[in-house]
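Subject: Structure handover

Hi,

Here is the structure I promised. Please open it before you read on. My notes follow below.

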Amino acid sequence: MSERLGILGAGKLGTAVARLAVDAGREVLISDARDDPMVELVVSTIAAGSRLVPADEMFQGSDIVLLAIPYSHLGQVDLGALEHAVLIDATNPWLEVDGADPPESPLRGRRGLRVVRTLNHLAYEDLIAYAEPKGAPFRTAVAVASDDLAARRAVAALVDDLGFDPVEVDGRSAWMLESNGPFFGRRLAREEMSALISASRRADRLTW
Ligand SMILES: NC(=O)c1ccc[n+]([C@@H]2O[C@H](COP(=O)([O-])OP(=O)(O)OC[C@H]3O[C@@H](n4cnc5c(N)ncnc54)[C@H](OP(=O)(O)O)[C@@H]3O)[C@@H](O)[C@H]2O)c1
């Protein structure tokens, strides 16, 4: 049985991932801070088949939760309510809001959380445009970074379902998905991404 996906944030990224997950046959709960009919309309149009529910219902009912809200809003999330779930952190600091030297994420080093970094290095419209069935040649790769192997494996299976070749890396390599990293905004096939990872490991060894 595939895990139920919860999504916090019914904006551009949240609804794009919801749509891909529903298309893949996943059950999706989505929730947003805004309680207005526009959100309902957006969700029922872009991500038909997902269910818009209050945040606490989504938290309780989801095995994997995608955080698709602004980085600067992470402090608003009741992280204690998420200790049972695998968390996908797709948030990127925004220069205009968080500055050139953003404050540390509240997820970082927080005990009891199982955090996987992924779905942050491609734009939402690229996720929709590049998603392809399993086995498609030159399928777009999406990196999945965490030191929690079971959590990483579950999220890799989700990424595969969404339409991408997952490339698993350890938590130390999560910088590669960031805005100054080699994957950010780039459409890469699995082999190209793996070559970049190997090159970075070789460079690491050279500096020792
Ligand atoms: N857009 C992309 O292509 C893309 C790609 C990769 C990663 N990301 C990352 O994904 C995150 C979302 O980006 P986005 O472009 O989807 O933003 P967006 O379109 O502005 O959507 C964010 C949504 O989250 C809601 N929200 C804010 N705080 C919340 C909270 N505490 N609880 C529940 N909902 C909340 C917002 O409601 P209000 O508008 O009322 O605040 C809004 O509906 C960002 O961290 C971004 O860096 C975006």
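A definition to start: axes here are lines fitted to C-alpha atoms, for helices over the stretch in contact, and angles run from 0 to 180 degrees between N-to-C directions. By that rule, α1 runs at about 165° to β2. The helix lies across β1, β2 and β4. Please keep in mind that this is a predicted model.

**The sheet**

The sheet is open and has 8 strands. Their order is β3-β2-β1-β4-β5-β6-β7-β8, and the pairing is mixed. The edge positions belong to β3 (51-52) and β8 (165-169). Each has a single partner strand, so one side of each is left without a neighbour in the sheet. As background, strands of a sheet pair through backbone hydrogen bonds, either parallel or antiparallel.

Two pairings are worth a look. β1 and β2 are parallel, over 4 bridges. There, Leu 5 has Val 28 of β2 as its bridge partner. β2 and β3 are also parallel, over 2 bridges. Leu 29 stands opposite Arg 51 in β3.

Which way do the side chains of β1 go? Leu 5 and Ile 7 point one way, while Gly 6 and Leu 8 point the other way. All of these are buried.

**Helix α1**

α1 covers residues 12-23, which makes 12 residues. From first C-alpha to last it reaches 17 Å, close to the 16 Å expected at 1.5 Å a residue. How much of α1 is buried? The helix is mostly covered, with 9 of its 12 residues buried. Those are Leu 13, Gly 14, Thr 15, Ala 16, Val 17, Ala 18, Arg 19, Leu 20 and Ala 21. Note that Arg 19 is on that list. The cover includes strands β1 (5-8), β2 (28-31) and β4 (64-67). It also includes helices α2 (37-46), α5 (124-130) and α6 (149-162). Just after α1, Gly 25 takes a positive phi of about 90°.

**The ligand shell**

There are 23 residues around the ligand. Those that come nearest are Gly 9, Gly 11, Leu 13, Thr 91 and Asn 92. Leu 13 is also one of the buried residues of α1. The largest share of the shell, 3 residues, comes from α1. By type, the shell divides into 12 nonpolar, 8 polar and 3 charged residues.

Most residues other than glycine have a negative phi. Two residues here go against that.

- Leu 119 has a positive phi of about 65°, although it is not a glycine. Leu 119 lies in the loop between β6 (114-118) and α5. Leu 119 is buried, with 28 other C-beta atoms within 10 Å.
- Phe 138 is not a glycine either, and its phi is positive, near 55°. Phe 138 sits in the loop between α5 and β7 (141-145). With 13 other C-beta atoms within 10 Å, Phe 138 is partly exposed.

**Ala 151**

Ala 151 is in helix α6. Why does Ala 151 count as buried? The cut-off is 20 or more other C-beta atoms within 10 Å. Ala 151 has 20 C-beta neighbours inside 10 Å, so Ala 151 counts as buried. Leaving aside neighbours within four places in sequence, Ala 151 is in contact with Val 86, Arg 114, Val 116 and Ser 146. Arg 186 is 35 residues from Ala 151 along the chain, and their C-alpha atoms are separated by 25 Å.

Best wishes

Note on methods: Residues numbered from 1 in each chain as written. Predicted model: local features only at pLDDT ≥ 70, side-chain atom pairs only at ≥ 80, totals over all residues. Expected span 1.5 Å × (residues − 1). Contact = placed C-beta atoms within 7 Å. Near = placed C-beta within 6 Å. Nonpolar A, V, L, I, M, F, W, Y, C, P; charged D, E, K, R; others polar. Pairing = 2+ DSSP bridges.
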